[in-house]
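Please read the following note alongside the sequence and the three-dimensional view. The points are numbered so that each can be checked in turn.

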Amino acid sequence: METQQKTEIYSPGLEGVIACKTRICQIDGQAGKLYYAGYPIEDLVHHSTFEEVSFLLWQQRLPRQDELEQLDKMFKETRSLPAEVLQFLELMPHTSHPMDALRTVASLLACFDTNLEKSPEANLQRAIFLTARFPTIVANFHRLRQNQKPIQPHPDLGLAANFLYMLLGKEPTADQARVMDAALILHADHEMNASTFAALVTASTLSDIYSAVASGIGALKGPLHGGANEAVLKMLLEIADPANVESYVEQALVKKTKIMGFGHRIYKSYDPRARIFKEYARRLSGRTKFSRFFKINEKLEEVMQAKKGQHGIFPNVDLYSGIVYHQLGIPADLFTPIFAIARVAGWTAHILEYWRDNRLFRPNALYEGPPPRPYVPIEQRR
Ligand code: ACO
């Protein structure tokens, strides 16, 4: 029998490994550039909406006017939650982290999907339903945990504005709605990040889209990934004053603690999303009492540039996003769920794309344990 020689590469954290092909998203980490299906993120943020970007990720082309209207209609028609799901949300401990609530309810939605069809078209419908419903889950859970009645979706508002309306109980200004829409566009996709990979690993077993998305939410929650935006705000509260930044960073680096909102596996330059968020944060901070946070962040940038810039550690998307959300009146434990509200479009786009040419993800492990040895009966063990 012929033995096949395999080249085995060990790459901790799968750094540098290409896990799949994609037409959805491209990152140039050295130049600090991000493109969704070829369109620069800056153009999409300034000229597009989250609805349009969702279409782009799913179809890899921008929609025509009639297609966008149709998608918008579907989003609006499907964003209410089934009554049983609302009851379930009500029963969840109010102390639950909203990411736990979102992950659980995303999973629960599978139980209400009676369609046995597994075609690409049926799965695209599910992607649209999930993207439509994530803002409602997060907003309704937030109201319920404060013993307030959930607010039904507003029939006339787009996805971002409606989220703020359901969450905060009043219609946002055009400026607030625009900032939230931009935040969702910035978070909608990011190539083979940890949560998208987690979603694809589950999808690759030919499990269902709900399980894959629930895997993505679980991976996103961690502070090395999406959870960093919440961690940044905690860090800013701890630092409290720009004058404390230098000593905070020095102590953290001595203790080998990471500075949240800095560093990235792919970007070895300024994350382009951070640059855009910084401008929103600057604009909003100028008018409010939150400018202290902005000043702390600017000082953090200066100190980190001097200490870690030569190692390719720069601000990432999470450094300024929390300040922006905070200024919109959103509590810190909802920052990562907002990330998920946007990223579900990207997760589902990658799942649908991967299923077109599916192959099970099944890497190897480098075994470092004892060599094969005889079994020891329990009475002979010491
Ligand atoms: N603060 C201080 N040092 C850092 C930081 C940081 N934020 N990030 C990386 N480093 C250092 C590490 O200590 C390590 O140094 P060493 O070689 O002397 O041990 C070196 O840079 C490499 O770090 P790794 O963690 O191995 O690099 P990796 O590519 O795995 O890290 C990561 C990427 C996890 C994002 C990291 O930069 C980090 O933990 N950042 C803070 C958390 C954060 O902001 N996460 C959000 C990322 S963006 C997103 O997911 C949406």
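1. Arg283 counts as partly exposed because its relative accessibility is 37%; the term covers values between buried (under 20% relative accessible area) and exposed (over 50%), found with a 1.4 Å probe and protein chains only. The side chain of Arg283 meets that of Asp175 in a salt bridge, with 3.4 Å from N to O. A salt bridge here is a side-chain nitrogen of Lys or Arg within 4 Å of a carboxyl oxygen of Asp or Glu. Asp175 is likewise partly exposed, at 28% relative accessibility.

2. This is a predicted model, in which local features need pLDDT of at least 70 and side-chain atom pairs count only at pLDDT 80 or more, while totals for chains, interfaces and linings use all residues. Residues are numbered from 1 along each chain as its sequence is written, and side-chain values use heavy atoms, with hydrogens and water left out.

3. The structure holds 19 salt bridges. In the pair from point 1, Asp175 belongs to helix 8 (residues 174-187) and Arg283 to helix 13 (residues 272-285), so the contact ties together parts that are 108 residues apart in sequence. Helices (H or I, at least four residues) and strands (E, at least two) are DSSP runs, numbered from the N terminus.

4. Which residue forms a salt bridge with Glu250? The partner is Lys307, and the closest N and O atoms are 3.4 Å apart. This pair links distant parts of the chain, since Glu250 is in helix 12 (residues 245-254) and Lys307 in helix 14 (residues 291-308), 57 residues apart. Glu250 is partly exposed at 39% relative accessibility, and Lys307 is partly exposed at 28%.

5. Are Arg273 and Asp271 buried or exposed? Arg273 counts as buried, with 2% relative accessibility, and Asp271 counts as buried at 0%. These two residues form a salt bridge whose closest N and O atoms are 2.8 Å apart.

6. Salt bridges can also join into a network, as they do among Lys278, Glu279, Arg282, Glu298 and Glu301.

7. How many residues surround the ligand? There are 20, and the closest are His225, Lys258, Ile259, Phe262 and Arg265; a residue is near a molecule if one of its heavy atoms lies within 4 Å of it. A polar side-chain atom of Lys258 lies 2.8 Å from an oxygen atom of the ligand, and for Arg265 a polar side-chain atom is likewise 2.8 Å from a ligand oxygen. Leu224 contributes a backbone N or O atom, which lies 3.0 Å from a nitrogen atom of the ligand. On its own, the ligand has 910 Å² of accessible area, of which the protein covers 70%; such areas come from the Shrake-Rupley method with a 1.4 Å probe.

8. Ala37 has a phi near 45°, a positive value in a residue other than glycine. Ala37 lies in the loop between strand 2 (33-36) and strand 3 (39-40) and is partly exposed, at 24% relative accessibility. Ala240 is not a glycine either, yet its phi is positive, about 70°. Ala240 is found in the loop between helix 11 (228-239) and helix 12, and its relative accessible area of 29% makes it partly exposed.

Conventions
A polar contact is a pair of N or O atoms within 3.5 Å; within protein, one must be able to donate a hydrogen and the other to accept it, and residues adjacent in sequence count only if both atoms are side-chain atoms.
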